[in-house]
Amino acid sequence: MLLRQLEYLVALARERHFARAAAACFVSQPSLSAGIRKLESDLDVPLVQHGARFEGLTPEGERVLHRARRILHERDALHHELAEMRGQLTGTLRLGAIPTAMTVASLITTPFCERHQQVTVELESLSSRDIMRRLAEFEIDAALTYLDDEDLRGVRKFPLYEERYLLLTPVDGPCAAQTEIGWAEAAKLPLVLLPRRMRNRRILDDLFAADGTTAFPAVETDTLDALYAHLASGRWSSVISHAWLHMFGIPRGMRVVRLARDEAEPSPAVGLVVTPHARESVMVRSLLNVASGAGVRDALDALLEAHLES
């Protein structure tokens, strides 16, 4: 049994298609199929439900897949440890992030790359459920997400900042001259918000409800790019996280207004999550060391105050 054959099995389970799995492994489809058949022969069990196309793994295949992911993870971890012993960490850091946290990822990845210049960072936008699955399957090393998310189970959490919420509204709008407004007042504006399936929107809905109201946005979109594209028209308002200012700033013709908050209620925290076994990884440990000194919370709070004063 070769590690390369385990890589073929993992790629096939991920891609669910022989040709795509072969392309991901940079081999021909016949080579991948032959490697998996050799693995089946060595283990003396069927791993793949063979047919004209990929139809899934057998129960034995699922068991082997779980071990294969762990074995390949340990192989990568060994390479990282040996590279560190040589004085230069090398390899790939695989980082996932929910879409609303992608805006601050560069505050961590930039100093990480400056410190570890031989490491490549792969940053991927994922839902919170995908984050848990990808962590469990050793497909990512760590993730940026809400730390109170109901999908997080069995992970270690490292807070980076707490979200502050602002109304982003046209400069000639009815609320633009105010320094602070309530959620009920904001709900009356023509709004663009993220959809309810996203954690950010569910948080906002709870805050609207706490002020005795419900927001009915005229436009819902699941990307921040599309949300800001609508705001640039000068017609719409939105409730944004102050972390989004790091990437998008304030569009021309708009201004931010502070939304009232109950100081006794904790703000939603965003941070890094890793699985317990990943904490021992050289790559993850290096990431956490950089993140702890990156000053993300202070940088975002300073940015918020600068925009509120402008």
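Is Arg197 buried or exposed? I looked this up before anything else. Arg197 is exposed, with a relative accessible area of 60%. I note here that the model is predicted.

**Entry: the partner of Arg197**

I followed the side chain of Arg197 to Asp222. The two form a salt bridge, and their closest N and O atoms are 2.9 Å apart. I then placed both residues. Asp222 sits in the loop between β8 (219–220) and α9, while Arg197 sits in the loop between β7 (192–193) and α8 (199–210), so the pair ties together parts 25 residues apart in sequence.

**Entry: other salt bridges**

I searched the whole structure and found 20 salt bridges. I looked at Glu137 and Arg69, whose closest N and O atoms are 3.4 Å apart in a salt bridge. Arg69 belongs to helix α4 (residues 59–85) and Glu137 to the loop between α6 (128–136) and β3 (142–146), so this pair ties together parts that are 68 residues apart in sequence. Both Glu137 and Arg69 are buried.

I turned to Arg94 next. Arg94 forms a salt bridge with Asp141, with 3.0 Å between the closest N and O atoms. Arg94 is in strand β1 (residues 91–97) and Asp141 is in the loop between α6 and β3, so parts 47 residues apart in sequence are tied together. I find Arg94 buried, and Asp141 too.

I also noted a network of salt bridges. It links Arg4, Glu7, Arg75 and Asp76.

**Entry: helix α3**

I checked the length of helix α3 (residues 29–43). Its 15 residues, at 1.5 Å a residue, should span 21 Å, and the end C-alpha atoms are 21 Å apart, which agrees.

Which residues of α3 are buried? I list Leu32, Ser33, Gly35, Ile36, Leu39 and Glu40. Down the axis of α3, these buried residues fall within an arc of 160 degrees, so they line one face of the helix. An α-helix has 3.6 residues a turn, so residues three or four places apart point the same way.

I looked for what covers the buried residues of α3. The cover includes α1 (3–15) and α2 (18–24). On the other side of α3, Pro30 and Ser41 are exposed. Just after α3, I see Asp44 take a positive phi of about 60 degrees.

**Entry: the sheet**

I traced an open sheet of 4 strands. Its order is β6-β10-β5-β9, and the pairing is mixed. The edge strands are β6 (180–181) and β9, each pairing on one side only.

I started from β6. It runs parallel to strand β10 (residues 254–259), and 2 bridges join them. Ile181 has Leu259 in β10 as its bridge partner.

Strand β5 (residues 165–170) pairs with β9 in the antiparallel sense, over 4 bridges. There, Leu167 stands opposite Val239 in β9.

Are the faces of β9 (residues 238–241) covered or open? I find both covered. Ser238 and Ile240 are buried on one side, and Val239 and Ser241 are buried on the other.

Technical notes: Residues numbered from 1 in each chain as written. Predicted model: local features only at pLDDT ≥ 70, side-chain atom pairs only at ≥ 80, totals over all residues. Heavy atoms only, no water. Buried < 20%, exposed > 50% of the residue type's maximum accessible area, 1.4 Å probe, protein only. Pairing = 2+ DSSP bridges. Expected span 1.5 Å × (residues − 1). Arc of directions from axis to C-beta. Contact = heavy atoms within 4.5 Å. Salt bridge = Lys/Arg side-chain N within 4 Å of Asp/Glu carboxyl O.
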